[in-house]
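Reader: I'd like a close look at one part of this model, charged side chains and all. Could you walk me through a single spot and what surrounds it?

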Amino acid sequence: MVRRLGAVVVLAVVVAGSLRLGGVIFGADDTAADSGGTVAPAVTSAITSAPTVVEQLAPPTTAAPVDTPPQVPTAADPAVVLIAGDSEAGTFGPYLETLLRETGVVRTELDYKVSSGLARPDYFDWPAHLQSTIPSIAPDIVVLTFGGNDAQGLSDLAGNFSIGQPTGDGDEEWRAEYGKRVGAVMEFLSADGRTLVWVGIPNDDNPEVTARMKVQDEVVREQVAAHPGVIFIDTWKRFSGIEGNWAEYVIDPRDAQGKDVRADDGFHLNEAGAEILALDIAEVVRAELVARGATL
């Protein structure tokens, strides 16, 4: 009896040892819950020091499209319009909000950062910011602008400049990289049933600055052509003279009077100019609201 009991004990020890050995061999770890490991967040920035910020924006959903009509904007269920970008968005944004609220079927959000753009993600990372805020705002229409802050050298997230500022002479490398950044933003913001209205930049009274901005404007237009769903506001033409040159005075459509539309720096729009631009944008947004079934 004693010998049998001893044999049973020995057998139990052998089995237990085998189980532990098997766990080591096959990777079983019953202490994993206490290992202190971390789970990767749902959305992460894929770039640390690469010269492009394109990968930061998740690609549009690849799920099969659902043939459902967009929400019809009503007073009870208004369309959400996000107005975002640099200081220009902060200039025309407030009056645009006023114009859109008058429709009775729009709720607006204004989100801008002075001196920001896509050229310097080390200063303000717009791709990451958009990726984190779009889900919570859930806009139906996005009005976006990036102005003269982008006609400079292109850096990565670490502040390393991989490409110098455009000059208006060739600039193939700058055009290619900035085009990738603009295209990625367009794809992200025009996905999932959203309408993107991209507001272009005006020219400058300094010919050298205008030459750099012209490169930026051309790249944006090329990307608009490559993304048919994006609506482009031609601010350059709106605030140019008859021959396409820089203009300080423009006709205000509200009273047919010529008005000074430029700020003292020769580039930014003053209050009158910003309101004229807001009128142009509001007309485009209203057309989109009607296309979505709204009664205005």
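Author: Let's start with Arg175, which is partly exposed at a relative accessible area of 22% (buried means under 20%, exposed over 50%, partly exposed in between, with a 1.4 Å probe and protein chains only). Bear in mind that this is a predicted model, where local features need pLDDT of at least 70, side-chain atom pairs count only at pLDDT 80 or more, and totals for chains, interfaces and linings use all residues. Residues are numbered from 1 along each chain as its sequence is written, and side-chain values use heavy atoms, leaving out hydrogens and water.

The side chain of Arg175 meets that of Glu218 in a salt bridge, 2.8 Å from N to O (a side-chain nitrogen of Lys or Arg within 4 Å of a carboxyl oxygen of Asp or Glu). This pair links distant parts of the chain, with Arg175 in helix H4 and Glu218 in helix H5, 43 residues apart (helices are DSSP runs of H or I, at least four residues, strands are E runs of at least two, and both are numbered from the N terminus). Glu218 is partly exposed too, at 24% relative accessibility.

As for H4 itself, the helix covers residues 172-189 and reaches 26 Å from its first C-alpha to its last. Its buried residues include Trp174, Glu177 and Tyr178. The buried residues of H4 pack against several elements, among them helix H3, strand E6 and helix H5 (contact means heavy atoms within 4.5 Å).

For context, a search of the whole structure finds 15 salt bridges.

Definitions and conventions. Expected span 1.5 Å × (residues − 1).
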